[in-house]
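Here is a short walk through a predicted model. Follow along in the structure as you read.

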Amino acid sequence: MPELSYREAVRDALASAMRSDEDVFVMGEDIAEMGGSMGVTQGLVEEFGVERVRNTPISEIAIVGAGIGAAMQGMRPVVEIMYEDFLTLSMEQIVNQAAKHRYMSGGQVKVPLTIRTQGGAGWSPGAQHAQQLEAWLVHVPGLKVVFASSPADARGLLWSAIYDDNPVIFFEHRLLYPVKEQVPETLEPIPLGKARIVRAGSDVTVIATGPVVHRAVLAADQAQEEGISVEVVDPRTLQPLDEETLVESVMRTHRAVVAHEAVRRMGFGAEVAAMLQEKAFDWLDAPIERVGARFAPLAFAPAMEQYVVPQTEDVLAAIRRTVERSR
């Protein structure tokens with residue numbers, strides 16, 4: 001099995017889709033010769049040419065709008081928003097256009113648009129280039145939202161996103177780009193809406209997203225030394241959400257921690273906690289713990305950035321609390 005980094009896995013999914021289907025093309029700021037701000041699309045323009053690897057002006061609303069138009073005409077565009085923070089500039093197109101056309105046309109118009117975007121803390125980019133805004137998009141009917149935490153998942157889920165007939169927001173975290181793992185030699189699509197049990201356990205379920213999945217695994221290893229068995233579950237697709245897998249895990253462990261890098265207040269974890277409260281209440285032996293960023297803009301100073309964003313020790317502390325509260 002070949003070893004790919006997260007960055008290479010995303011690139012491989014794009015290239016594989018473009019080789020198999022001429023209707024697939026990519027578009028975004030500096031994605032051609034430069035290969036994108038994070039180097040994800042390097043080499044694609046040499047293979048596919050400027051017609052299918054298109055540089056765009058610095059206008060996020062134009063990028064998404066052009067992608068919607070192409071998708072409605074039968075193509076399968078993958079557009080890149082260089083920084084997740086700048087989804088804000090294209091929200092009218094995403095929320096009022098992409099998400100609504102299929103519903104408002106009675107299913108006659110499909111919008112197979114994939115919007116790739118990257119963000120996250122950990123490299124001191126400051127308050128305007130490191131936000132995690134997935135909760136905004138999960139709130140919008142008509143959109144699908146994906147947040148892969150591993151190279152294999154990024155590869156398989158991006159393929160499925162490209163071939164879904166609905167608009168998909170595909171989140172990537174910049175700290176994950178160098179992460180490597182072995183992947184199947186042949187690309188294997190992963191269905192949207194199916195969670196992954198990353199680590200099996202019996203005492204506590206930790207539901208985590210993006211880079212916090214890796215921090216949760218480290219916390220689980222430390223908890224194991226204290227006699228606490230932790231199951232780590234990655235939803236992978238935030239919308240649609242695989243509620244069945246999450247509920248079944250909590251029914252086995254009787255305790256739950258929900259962790260993400262985005263701000264804790266009104267975050268994705270709040271919805272997961274509410275869902276577990278409704279569907280697994282009788283199996284819970286302790287209140288559900290939530291872990292997320294502090295309610296503050298991300299500081300430029302590395303020490304302050306680390307203070308705001310949840311770390312491994314924060315997940316471990318939540319694991320300990322939920323066990324202690326059930327004794």
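Begin with the open sheet of 5 strands, ordered E9-E11-E10-E13-E14, whose pairing is mixed. Strands E9 (196-199) and E14 (289-293) form the edges. Each has a single partner strand, so one of its sides has no neighbour in the sheet. From one strand to the next, the twist averages 25 degrees.

Now look at one pair. Strand E13 (residues 256-263) runs parallel to E14, and 4 bridges join them. In one of these strands, E14, Arg290 is the bridge partner of Val258.

Helices pack on this sheet too. Helix H12 (residues 312-324) touches E10, E11, E13 and E14. The direction of H12 makes about 165 degrees with that of E14. Helix H8 (residues 212-225) lies across E9, E10 (204-208), E11 (230-234) and E13. H8 runs at about 175 degrees to E11.

Where does the largest pocket lie? Domain 1 (3-182) and domain 2 (196-325) both contribute to its lining, so the pocket lies between them. The space in it comes to about 410 Å³. Its lining has 22 residues, and Gln131, Gln132, Leu133, Ala262 and Val263 lie nearest the centre. Helix H6 (134-138) and E13 each supply at least two lining residues. By class, the lining holds 15 nonpolar, 4 polar and 3 charged residues.

The second largest pocket has a volume of about 180 Å³. It is lined by 13 residues, with Val291, Gly292, Arg294, Pro310 and Asp314 closest to its centre. Edge strand E14 gives the most to this lining, with 4 residues. Helix H11 (302-308) and H12 each supply at least two. The lining of this second largest pocket counts 7 nonpolar, 1 polar and 5 charged residues.

Note on methods: Residues numbered from 1 in each chain as written. Predicted model: local features only at pLDDT ≥ 70, side-chain atom pairs only at ≥ 80, totals over all residues. Heavy atoms only, no water. Pairing = 2+ DSSP bridges. Axes fitted to C-alpha atoms, helices over the stretch in contact; angles between N-to-C directions. Contact = heavy atoms within 4.5 Å. 1 Å grid on protein atoms, 1.4 Å probe; cavity = no way out; pocket = protein on both sides within 12 Å on 5 of 7 lines; lining within 4 Å. Points joined across faces, edges and corners; volume = space filled by probe spheres on them. Nonpolar A, V, L, I, M, F, W, Y, C, P; charged D, E, K, R; others polar. Domains from an automatic or database assignment.
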